[in-house]
Amino acid sequence: MKTTNIPDIDDIARHVPWARLEKDEDDNVIGIYPEAFRLREGESYLSACWVDFYAGTKPQKIRQNYDDMSKRRSLGKKSGFAITNVGSLKCTCEGRGAKPRVVHETGHPTQSYVAVRKFPSDDDELLEILATGCWSELFLVKDL
Amino acid sequence: MISDSSTERVGQYANDLLKADLAFRRGEGLLFPATRTSAQKTARAKEDLSSQLFESRAAGKIATAQIAMHLDRDWRDGFFRQLDSLLDADEWEPDDEPVTQLSYKTFLRTIVHLGATRRPGIGASEDGQLIASWRNGDDRLVIISGQNDRVRWSVRRNIDGELEVATGVTTAARLPRILESFDCEKLYKA
């Protein structure tokens, strides 16, 4: 599988299921839980998609990423996409001593598929900082 | 006269038939493996998931009812609505484990130890741990309830424009003392 580094000025998005969206006591979505960025057991990298792989406005790009992903798997109507700028993500991780690589993987069934490699998913403080900081911009599927 | 080897073969045949029958009843389709379509498999997987989520919701409600004396009725009713919404099969990631009974118990003990009168927002980790959170503006407290009273917590506080973040792992009983220094009682007390 061919990989290409994603430019720092570009954005990537991670799909966040309903269970990992922060809600208030009345189920209004108000943010993202740090657990949205935790690797599953056996996973070696964080999966995301390349927002700027497509053309258009940001919501249009995310919509196209959604359409692409939906062909392969069912995405909940109450789920969302958390957006981050690649440069900000690297900078935040570097502040915690980690140096992630953000790469586009050609040949994956999802055309805009991105792997965030060397992502320190066991750093709880970093996950909290990402969820409330540089990776906190959220688009809900119902609004796309 | 039937020989010993014939008896064995008949016994084995009967055993195989019984296994195949049981498998067929369980819907594994071993007798007719080619007849199960991908749509049927998907429907079956969804049915299994719905049933697991139903059991998880029931476990959460039973555990809550067992400590009803510590919670007011509105709190309980609201929490039950949240559970129904969280454990919705249409929104659940198929690879996620439904919230476990042990996690519910730890969560409820945490609520009692904290004296949390304000109901939290809730979510779930991929390995079946209930997430509870309270927020006020930039300030946020997140608690992830594991097994045997173990909790993972994270606090984010805006103190005079300076953001402070802290995380840790402790027990439900120790958590209130640890959180004291972050002055976040007002997040979870109405």
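1. On a 1 Å grid over the protein atoms alone, a pocket is an open set of points with protein on both sides within 12 Å along at least five of seven lines. A cavity is a set of points where a 1.4 Å probe fits but cannot get out. Lining residues have an atom within 4 Å of a point. Points are joined across faces, edges and corners, and a volume is the space filled by probe spheres set on them.

2. This is a predicted model: local features need pLDDT of at least 70, side-chain atom pairs count only at pLDDT 80 or more, and totals for chains, interfaces and linings use all residues. Residues are numbered from 1 along each chain as its sequence is written, chains are lettered from A and ligands numbered from 1 in the order written, and side-chain values use heavy atoms, without hydrogens and water.

3. The largest pocket has a volume of about 970 Å³. It has 37 lining residues; closest to its centre are A:Arg40, A:Arg73, B:Glu93, B:Pro94 and B:Asp95.

4. Which elements line this pocket? At least two residues each come from strands S2 (11–16) and S5 (45–50) of chain A and from helix H2 (38–66) of chain B. H2(B) gives the most, five residues. Helices (H or I, at least four residues) and strands (E, at least two) are DSSP runs, numbered from the N terminus.

5. By class, the pocket lining has 15 charged, 13 nonpolar and nine polar residues. Nonpolar here covers Ala, Val, Leu, Ile, Met, Phe, Trp, Tyr, Cys and Pro; charged covers Asp, Glu, Lys and Arg; the others, Gly among them, are polar.

6. The whole structure holds two cavities of 30 Å³ or more. Helix H3 (124–132) of chain A and strands S3 (139–145) and S4 (150–159) of chain B give two or more residues each. S4(B) gives the most, three residues. The lining of the largest cavity has five nonpolar, four charged and two polar residues.

7. The second largest cavity has a volume of about 50 Å³. Among its lining residues are A:Glu22, A:Lys23, A:Asp24, B:Arg118, B:Arg119 and B:Trp134. Strand S3 (21–23) of chain A and strand S2 (130–136) of chain B each supply at least two residues. S2(B) has the largest share, three residues. By class, the lining of the second largest cavity has seven charged, three nonpolar and two polar residues.
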